[in-house]
Amino acid sequence: MQYTIKKLAEISGVSVRTLHWYDKIGLLKPAYYAANDLMAIGVMRALRERGIQVPQQVSVVGTNDSPESQHVTPALTTLRVPYCELAAEATRILIEGIETDEQSNVQKYIDCQLIIRGSTAPAPQHSSGIL
């Protein structure tokens with residue numbers, strides 16, 4: 001599936017105009033995290049349109065480890081979430097609640113894997129040592 005740069009920016013929730021404005025007033029962030037890889041790809045393309053280099057100037061990270069994340073330039077750093085495990089655990093908790101007729105306020109943590117590729121770099125150091 002192919003998207004125009006404008007469509008990718010729209011999908012990502014970050015417009016090229018917004019990135020222009022952030023850059024112009026000095027609010028461009030050193031890194032962006034997107035809720036999914038397609039959004040992150042949209043951010044990378046919008047940054048590229050503005051002439052901002054990924055990862056030399058800005059790092060970008062997505063979520064899902066979608067196949068597209070490996071085929072963009074630079075390849076997208078992404079968070080691999082074990083959705084099957086997440087769904088199985090949510091289902092187990094739901095069934096247990098139905099069977100016991102109890103509502104529980106359960107918090108479960110599921111390990112995710114950070115897949116480091118070419119869209120991230122170490123954070124820039126400032127004279128104060130603080131970002």
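**Exercise 1. Find the residue of E2 that stands opposite Tyr32.**

Solution. Step 1: Tyr32 has Val60 of E2 opposite it. Strands here are DSSP runs of E with at least two residues, helices are runs of H or I with at least four, and both are numbered from the N terminus.

Step 1: The strands concerned, E1 and E2, are parallel and share three bridges. Two strands are said to pair if DSSP finds at least two bridges between them.

Before going on, note what is being read. This is a predicted model, in which local features need pLDDT of at least 70 and side-chain atom pairs count only at pLDDT 80 or more, while totals for chains, interfaces and linings use all residues. Residues are numbered from 1 along each chain as its sequence is written, and side-chain values use heavy atoms, with hydrogens and water left out.

**Exercise 2. State how confident the prediction is on average, and where the pLDDT is below 50.**

Solution. Step 1: pLDDT is the predictor's confidence in each residue, from 0 to 100. The protein chain has an average of 80, and 73% of the residues reach at least 70.

Step 1: Residues 1-5 have a pLDDT below 50, and this stretch makes six contacts in the model beyond near neighbours in sequence. A contact means heavy atoms within 4.5 Å.

Step 2: Residues 127-131 also fall below 50, with three contacts beyond near neighbours in sequence.

**Exercise 3. Give the strand order of the sheet and explain which strands stand at the edges.**

Step 1: From one strand to the next, the average twist is 20°. Angles run from 0 to 180 degrees between N-to-C directions, and axes are lines fitted to C-alpha atoms, for helices over the stretch in contact.

Step 2: E2 and E3 run parallel and are joined by three bridges. Two of the facing positions are Val61 with Thr77 of E3 and Thr63 with Leu79 of E3.

Step 3: E3 (residues 77-80) pairs with E4 in the antiparallel sense, over three bridges. Thr78 has Ile115 of E4 as its bridge partner, and Leu79 has Leu114 of E4.

**Exercise 4. Which strands does helix H3 touch, and what is the handedness of the unit made by E1, H3 and E2?**

Solution. Step 1: H3 (residues 37-49) packs on the sheet and touches E1, E2 (59-63) and E3. The direction of H3 makes about 160° with that of E2.

Step 1: E1, H3 and E2 form a β-α-β unit that is right-handed. This word applies if, with the strands pointing away from the viewer, the path from the first strand over the helix to the second runs clockwise.

Step 2: For E2, five of its five residues are buried. Buried means under 20% relative accessible area, exposed means over 50%, and partly exposed lies in between (1.4 Å probe, protein chains only). Ser59, Val61 and Thr63 point one way from E2, whereas Val60 and Gly62 point the other way.

**Exercise 5. Decide whether Thr78 is buried or exposed, and list the polar contact partner of its side chain.**

Solution. Step 1: Thr78 belongs to strand E3. Its relative accessibility is 0%, so Thr78 counts as buried.

Step 1: The side chains of Thr78 and Asp37 are joined by a polar contact of 2.7 Å. A polar contact is a pair of N or O atoms within 3.5 Å; within protein, one must be able to donate a hydrogen and the other to accept it, and residues adjacent in sequence count only if both atoms are side-chain atoms.

Step 2: A polar side-chain atom of Thr78 also lies 3.4 Å from the backbone oxygen of Gly62.

Step 3: Leaving out residues up to four places away in sequence, Thr78 touches others too, including Asn64, Asp65 and Arg117.

**Exercise 6. Which loop holds Asn64, Asp65 and Pro74, and what phi values do Asn64 and Asp65 have?**

Solution. Step 1: Asn64, Asp65 and Pro74 lie in the loop between E2 and E3.

Step 1: Asn64 is not a glycine, yet its phi is positive, near 120°. Asp65 is not a glycine either, and its phi is about 55°.

Step 2: Asn64 is partly exposed at 31% relative accessible area, whereas Asp65 is buried at 14%.

Step 3: The peptide bond between Thr73 and Pro74 is cis, with omega about -5°.
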